[in-house]
Amino acid sequence: MMTLSEAARANDGYELWLPPANDPAANLDIATLGTGATLDIAAGELHRDLATAPLPILLATNLRPELAALKLPGAALGREGYVVRRATVAGRAVILVSGNTETGVLYGAFALIRAARTGADLTTIALQSAPKVAVRVLDHWDNLDGSVERGYAGASLWNWWELPDYKDPRYTDYARADASLGINGVVLNNVNAKPDSLTPRYIAKAAALADVFRPWGIKVYLSARFSAPIELGGLKTADPLDPAVAAWWKAKADEIYRAIPDFGGFLVKANSEGQPGPRDYHRSHAEGANMLAAALKPHGGIVMWRAFVYAESDPDDRAKQAYTEFHPLDGKFADNVLVQVKNGAIDFQPREPFHPLFGAMPRTPIMLELQITKEYLGFATHLAYLGPLFSEVLEADTYARGKGSTVAKVIDGTLDHHALSGMAGVANIGRDRDWSGSTFNQANWYAFGRLAWDPDLSPEAIAREWAQQTFGPDPRLADIAVKMMMQSREAVVDYTGPLGLAHLMGTGHHYGPGPWIKDLARPEWNPVYYHRADASGIGFDRTRTGSNAIAQYSPEVARRLADPRTTPESELLWFHHLPWDWKMNSGETLWHALVAHYDQGVASVAAMQAEWDEARPLVDPERWQKTATFLAIQHREAQWWRDASLAYWMSLNHLPLPAGSAAPA
Ligand code: GCU
């Protein structure tokens, strides 16, 4: 009979990619030089997770005189980097885990665990790494009533009712998972913020969480509602240039820092989807951000100011709004402000071209916002590994400073020499036993953290290391999981919106197809606004003959996008309106290609089902069954997306289905 790996049996989903070793070697020799809360945690993690080690393990910061002779890298590691290697210390051969700070040592300990779990030979271990991005933060869209906006994994982890007195041990388990990836910040509350989060009661609750997270290297941030001086302070205005308003925020920041000395700062959604902001007073986003930045500055805090502005004023193309509003403000932001830009210009669609603001504001640190929770990719039920989506934007070339000016280089600060840099992921975490609603959704949390540490990592390598740690080292299982994961996101693109189509989903809930919807109050709420299909063709013309959104890109990129022949086919209908019989590069018509993509999407899900069937003997029954059931749901719903979408397109173009299509005629 096939035996399951120890790791697979022990893990019911709660332990994520960090199942404790079932039989940790009792005599594992793990020592620290010096003491400290974080150092102790690092040692504890190794005791918990390592079953064996070929040598004693020694944890110490580089500052220890005992290590002076080793000439360990110093500056290259920065505040959070680590080195893990064999060394002889006081005459003893050890595996040394070191860094400039205890946090660096903790990250080194997790790197050692990761290496051991993915089959590295620890006798020759030699790791050195420092994060490329400074602020690596999860944005929780968690409301104070315990609900989570766009959350599909149960209620909020934060039990505001019990806090600050009761600190659920689960907060520590959450911190462990974050720290294992190098995530060093948590925004606790929804960007659609209630003013209450800034009241003394809630500051005390946030402080309790900060106390739990601190030794794990994690800072707490809060989403701030711009109008809080009115709602909480009784002022008549929230005008950022009003001295009383600035004074209110300064006092509020001082109050927060008394409770949370290492508070990270504020995340702000202003003048977007009804949120208050500086534009209400005819002030710019920079004036609003800088006023908050001034309040945080003496304490070392930052402002993450979102560029996701989505107001009714949009004249012809919603995709142009953020650039139109923010590009002129380049150079006007205070030096502790990051402008936080979503990966694409609309809203976390299964595929979007990279946002034109990347590379367009060289004098401003721009941070990337990704959505880990799959609002538009089938919530928790559909399997869609987002590593390829995240990497696609990171690898995109903005040409801002010539070839090679990738989004990764913009957001890690190297392109324009910014020390401040950041990456945010909208969390997919809730109180579900398995945290993320499904086993494979855990991989998206994992991939976000790993890419925030190093945006150049390959999504496939990340998938493999996640699978090995999550399911155990059996390469057969890892092979199957990686194969499924690497095709999964493209499958969702294919059955929901191929060839650059987007925003075709049902209203409000964003689950399931609705390309026919056309009667919502605002034009850009309607899917018909995005696909513009009629009897003669389909697609959004964003060239000069249309909205000219392509002019927001650098000239090299814009030139390529101006012509459908040089536009990537995956983005074709995002930028061009084309006749149904447009000849694709393959020679087939646009219509036939479109149908083929929808069919391919459904077929890919069927392929994932067959692959997962092969994994059955290798995985614990609980996780196997849940994934199998979810794949069956996904297959049914992929067909629903395809059939409903094709039926609608056919009602416009009156074309027959091409021979061989699997869709019902
Ligand atoms: C999307 C999402 C909203 C969210 C918004 C944002 O539009 O549907 O729930 O508030 O993004 O990013 O602010």
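How far apart are the end C-alpha atoms of residues 437–660, and how much of the span is helix and how much strand? Select that stretch and look: the end C-alpha atoms lie 36 Å apart, and the span is 56% helix and 2% strand. Helices here are DSSP runs of H or I with at least four residues, strands are runs of E with at least two, and both are numbered from the N terminus.

Before moving on, here is how to read the model. Residues are numbered from 1 along each chain as its sequence is written. The model is predicted, so local features need pLDDT of at least 70 and side-chain atom pairs count only at pLDDT 80 or more, while totals for chains, interfaces and linings use all residues.

**Stop 1: two annotated spans**

The end C-alpha atoms of residues 54–112 lie 13 Å apart, with 19% helix and 36% strand in the span.

**Stop 2: a pair of helices**

Next, colour α18 (residues 590–615) and α19 (residues 621–653). Their axes come within 10 Å and cross at roughly 170 degrees. Axes are lines fitted to C-alpha atoms, for helices over the stretch in contact, and angles run from 0 to 180 degrees between N-to-C directions. The crossing makes α18 roughly antiparallel to α19, a term for angles over 145 degrees. Residues making the contact include Trp-591, Val-595 and Tyr-598 of α18, and Trp-624, Thr-627 and Ala-628 of α19. Being in contact means that C-beta atoms, placed from the backbone, lie within 7 Å. By class, this contact has 14 nonpolar, eight polar and two charged residues. Ala, Val, Leu, Ile, Met, Phe, Trp, Tyr, Cys and Pro count as nonpolar, Asp, Glu, Lys and Arg as charged, and the others, Gly among them, as polar.

**Stop 3**

**Stop 4**

Go to α10 (387–395). Seven of its nine residues are buried, so α10 is largely enclosed by the rest of the structure. A residue is buried if 20 or more other C-beta atoms, placed from the backbone, lie within 10 Å of its own, exposed if 12 or fewer, and partly exposed in between. Leu-389 and Phe-390 are among the buried ones, and the cover includes β12 (366–371) and α12 (439–453).

Follow the chain to Tyr-399, in the loop between α10 and α11 (407–411). Tyr-399 is not a glycine, yet its phi is positive, about 60 degrees. It has 19 C-beta neighbours inside 10 Å and so counts as partly exposed. His-417, in the loop between α11 and β13 (422–426), also has a positive phi, near 60 degrees. With 7 C-beta neighbours inside 10 Å, His-417 counts as exposed.

**Stop 4: a cis bond**

Finally, zoom in on the peptide bond from Leu-163 to Pro-164, which is cis, with omega near 5 degrees. Pro-164 sits in the loop between β6 (135–139) and α4 (169–181).

Notes. Parallel < 35°, antiparallel > 145°, perpendicular 65-115°, else oblique. Contact = placed C-beta atoms within 7 Å.
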